[in-house]
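Hi,

Here is the structure I promised to pass on to you. Have a look at it first, and then read on for what turned up.

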There are 2 protein chains.
Amino acid sequence: MNKAEILIIDDEPQIRKLLEITLESNGYKVVQAETGKEGVIQAASHPPELILLDIGLPDRSGHEVLKELRQWYNKSIIILSVQNNESDIVTALDNGATDYLSKPFRTAELLARMRSAIRRNQTPNNTTVVDAGDLQINLAARTVKKNNELLKLTSTEFNLISLFACNEGRVLTHRFILKEIWGVGYQTETQYLRVFVGSLRKKIEDNPNNPLHIVTESGVGYRFQ
Amino acid sequence: MNKAEILIIDDEPQIRKLLEITLESNGYKVVQAETGKEGVIQAASHPPELILLDIGLPDRSGHEVLKELRQWYNKSIIILSVQNNESDIVTALDNGATDYLSKPFRTAELLARMRSAIRRNQTPNNTTVVDAGDLQINLAARTVKKNNELLKLTSTEFNLISLFACNEGRVLTHRFILKEIWGVGYQTETQYLRVFVGSLRKKIEDNPNNPLHIVTESGVGYRFQ
DNA sequence: TATTGAATTTATAAAATCTTTACACAGAGC
DNA sequence: GCTCTGTGTAAAGATTTTATAAATTCAATA
């Protein structure tokens, strides 16, 4: 596997140096930018796997850089913020930041969050259309096509399949699915799930008795593939 | 790379001498302690990469030292025990020992187990996918691949293999496994374990009659590698 | 208000999994 | 050789989990 490339946008040289050493010794390839403008150019010319962005610059240019990046860059952006500056954090998350870290941070935590963010890149959470064999799920338009034919799904059915699509290949527990689709009060209503998985299968599977897309993991939950 | 530091806690001078010679000639730095108390102090003042602890002292102080060390020391502890004292071994493994060796032992085996134990120190188990030769165990997705093919495991089978995977190279006692998978009330239901280890082997081993991944440590438990 | 489509329940058959029993086999000790 | 202990395997229940149809409730709307 190739080294994942990380872009650091921060005006403080000592932070950049620290990050450079930490990340390179953990097998990442590091690219640096000193100003927001430079960062955007770097990101555009050579899109990295992940961007670490210092948000709390005095002139608030960090926020503008984030917005500008988010117009086209859909991989993870982790923001760095001085401690206790919650308004910066909230604004940044609203503007599409993936995660945040308060300075000073522990490297173990930074690395863990980076791994998590990069993992999310790989499962197409940011793309608007998920491809799964004969199925195409358009998250933005809320449409599902099977062999290029538009399927007619109800709202709950669509919510369910889009949750599956965003977590392709991994087992989702009943509780998790119920929490995500119906809300925290419904985590034990496993039967709802059965009914809706049943009707989804009728629509998306070639043979609903032998489902290939929504596989049941008995005693645990379901897996979409 | 620096020499890894090993702490030996054993009251028998001739054993300590033997270990000292063996280990130093194999590139380890050796620190010795004659009593349990001294051992704990040594470990605390200068945490070693690995501890070799004689468990079978007449006054059972070895067990107490182990428990005391485990309150804060989380690297590997290999215990030494006189042959056939299985109850000592089982107790020690349940108390968090990493591995065990019966005296008299062959130096090649000692060195091999030390290497394995030290290797496990270096990769802390915060990874979500464990690689074991032809097997890949994805803890987050709850999937297991053998030669890149997805295996179909039941929920309990997966729980079992993931427990094994998180403790690669380490002997797990029957009691420990049963406690982790089935709960505290099941620590004596060894037969459950036999059945499930059997069905796991059928799925993951090339030749279930000669298992290479799940090895049985007779009278003690199992080891995954 | 009557209609319609969707969501929620209920009921039940079927499938999958877990538990338990039975028995065979191997090695250690006598 | 025999017995005892620990182990592995198969298979028969027992139990849990799942799938499906169908009934009911609910909400929107004509």
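To start with one detail in chain A: Val130(A) has Ile137(A), in β7(A), as its bridge partner. Please keep in mind that this is a predicted model.

β6(A) pairs with β7(A) (residues 135-138) in the antiparallel sense, over 4 bridges. Helix α6 of chain A (residues 155-166) packs on the sheet and touches β6, β7 and β8 (143-146) of chain A. The direction of α6 makes about 105° with that of β7(A). The sheet itself is open and has 4 strands, in the order β6-β7-β8-β9 (chain A), with antiparallel pairing. At its edges stand β6 (129-132) and β9 (149-150) of chain A; each has a single partner strand, so one side of each is left without a neighbour in the sheet.

Next, the DNA. The largest share, 6 residues, comes from α8(A). By residue class, this surface divides into 6 nonpolar, 11 polar and 4 charged residues.

Finally, the two protein chains meet as well: 7 residues of chain B are in contact with 8 residues of chain A. On the chain B side, the residues divide into 2 nonpolar, 4 polar and 1 charged.

Happy exploring, and best wishes

Definitions and conventions:
Residues numbered from 1 in each chain as written. Chains lettered and ligands numbered in written order. Predicted model: local features only at pLDDT ≥ 70, side-chain atom pairs only at ≥ 80, totals over all residues. Helix = DSSP H or I, 4+ residues; strand = E, 2+ residues; numbered from the N terminus. Nonpolar A, V, L, I, M, F, W, Y, C, P; charged D, E, K, R; others polar. Pairing = 2+ DSSP bridges. Axes fitted to C-alpha atoms, helices over the stretch in contact; angles between N-to-C directions.
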